[in-house]
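Please read the following briefing alongside the sequence and the coordinates. It is grouped by topic, and each group can be checked against the model.

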Amino acid sequence: MTALCPCQSGLNYVDCCQPFHQQTALPQTAEQLMRSRYCAYTMKNIDYIIATTVPSQQAQLDKALLLDWAETTHWTGLTIVRHLAKISKIHSAVEFKAFFTNEQGEQAHHEHSLFVKLNERWYFVDPTVDLPSQKQPCLCGSGKKFKHCCGAFL
Ligand SMILES: [Zn+2]
Ligand SMILES: [Zn+2]
């Protein structure tokens, strides 16, 4: 298969997000992970979306809801606005616009996403599920208080 990757990197899928989706390689940057998650949405690969979310949050994700969203959304493109690779030793942020169409026409989903690196692996921090309080241990398992870790960037 030599089709261009849906993440619009300009690379072929086999040379871009496929190795991440097949877990034969790990994204080296938060931007790569973000691209591969967008790409997974376009392919309705919800297992990948869940697997690349911070482990402690995975049980809170609603797989049926995510799948429904992926199936009813027609994705048309992705633009990376900014990749802040080192906002801390283990955090990166990616600002992006994901485009899709629905009954109202073309829509843009503009988001600032937070990513955390645990055991050499990048994960998405989902701000929409129940979060710890500021003084509780961080959801990423760093051992720091939430407010001094992921909470500082959400
Ligand atoms: Zn890609
Ligand atoms: Zn954290």
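The largest cavity of this predicted model has a volume of about 80 Å³, and the count of cavities of 30 Å³ or more comes to one.

**The enclosed cavity**

- The lining of the largest cavity is made up of Phe20, Gln23, Ala25, Leu26, Pro27, Leu33, Tyr48, Ala51, Thr52, Arg121 and Trp122.
- By residue class, this lining divides into eight nonpolar residues, two polar ones and one charged one.
- Two elements, helix H3 (46-51) and strand S4 (121-125), each contribute at least two residues to the lining of the largest cavity.

**The largest pocket**

- In composition, the lining of the largest pocket comprises 15 nonpolar, five polar and four charged residues.

**Zinc ion (ligand 1)**

- Which protein atoms coordinate the zinc ion (ligand 1)? The donors are the SG atoms of Cys5, Cys7, Cys16 and Cys17, which lie 2.2 to 2.4 Å from the ion.
- The angles among the four donor atoms of this ion run from 102 to 115°, and the site is tetrahedral.
- Ideal angles for four tetrahedral donors at a metal are 109.5 degrees.
- Along the chain, the donors of the zinc ion (ligand 1) follow the spacing C-x1-C-x8-C-C.
- Cys5 and Cys17 both lie in the segment before helix H1 (18-21), so the pair ties together parts that are twelve residues apart in sequence.
- Cys5 and Cys17 are both buried.

**Zinc ion (ligand 2)**

- The zinc ion (ligand 2) is coordinated through the SG atoms of Cys138, Cys140, Cys149 and Cys150, at 2.2 to 2.4 Å.
- This site, too, is tetrahedral, with angles of 101 to 119° among its four donor atoms.
- The donor residues of the zinc ion (ligand 2) have the sequence spacing C-x1-C-x8-C-C.
- Cys138 and Cys149 both lie in the segment after S4, so the pair ties together parts that are eleven residues apart in sequence.
- Cys138 is buried, as is Cys149.

**The largest nonpolar core**

- Among the 31 residues in the largest nonpolar core, those that touch the most other members are Cys7, Met34, Leu78 and Phe115.
- Two or more residues of this core come from each of H2, H3, H4, strand S1 (74-84), S2 and S4, with H2 giving the largest share, seven residues.
- In soluble globular proteins, nonpolar side chains tend to be buried together.

- Gln8, found in the segment before H1, has a phi near 65°, a positive value in a residue other than glycine, and Gln8 counts as partly exposed at 46% relative accessibility.
- Lys44, in the loop between H2 and H3, likewise has a positive phi, near 60°, in a residue other than glycine, and at 38% relative accessibility Lys44 counts as partly exposed.
- Leu84 belongs to strand S1 and is partly exposed, with a relative accessible area of 35%.
- Leu84 and Glu95 are 8.3 Å apart in space, C-alpha to C-alpha, and eleven residues apart in sequence.

Key: Residues numbered from 1 in each chain as written. Chains lettered and ligands numbered in written order. Predicted model: local features only at pLDDT ≥ 70, side-chain atom pairs only at ≥ 80, totals over all residues. Heavy atoms only, no water. Donors = N, O, S within 2.8 Å, 3.2 Å for Na, K, Ca; no water. Tetrahedral: all angles 85-135°; square planar, octahedral: opposite > 155°, others 65-115°. Helix = DSSP H or I, 4+ residues; strand = E, 2+ residues; numbered from the N terminus. Buried < 20%, exposed > 50% of the residue type's maximum accessible area, 1.4 Å probe, protein only. Nonpolar A, V, L, I, M, F, W, Y, C, P; charged D, E, K, R; others polar. 1 Å grid on protein atoms, 1.4 Å probe; cavity = no way out; pocket = protein on both sides within 12 Å on 5 of 7 lines; lining within 4 Å. Points joined across faces, edges and corners; volume = space filled by probe spheres on them. Core = buried A, V, L, I, M, F, W, Y, C linked by side-chain atoms within 4.5 Å.
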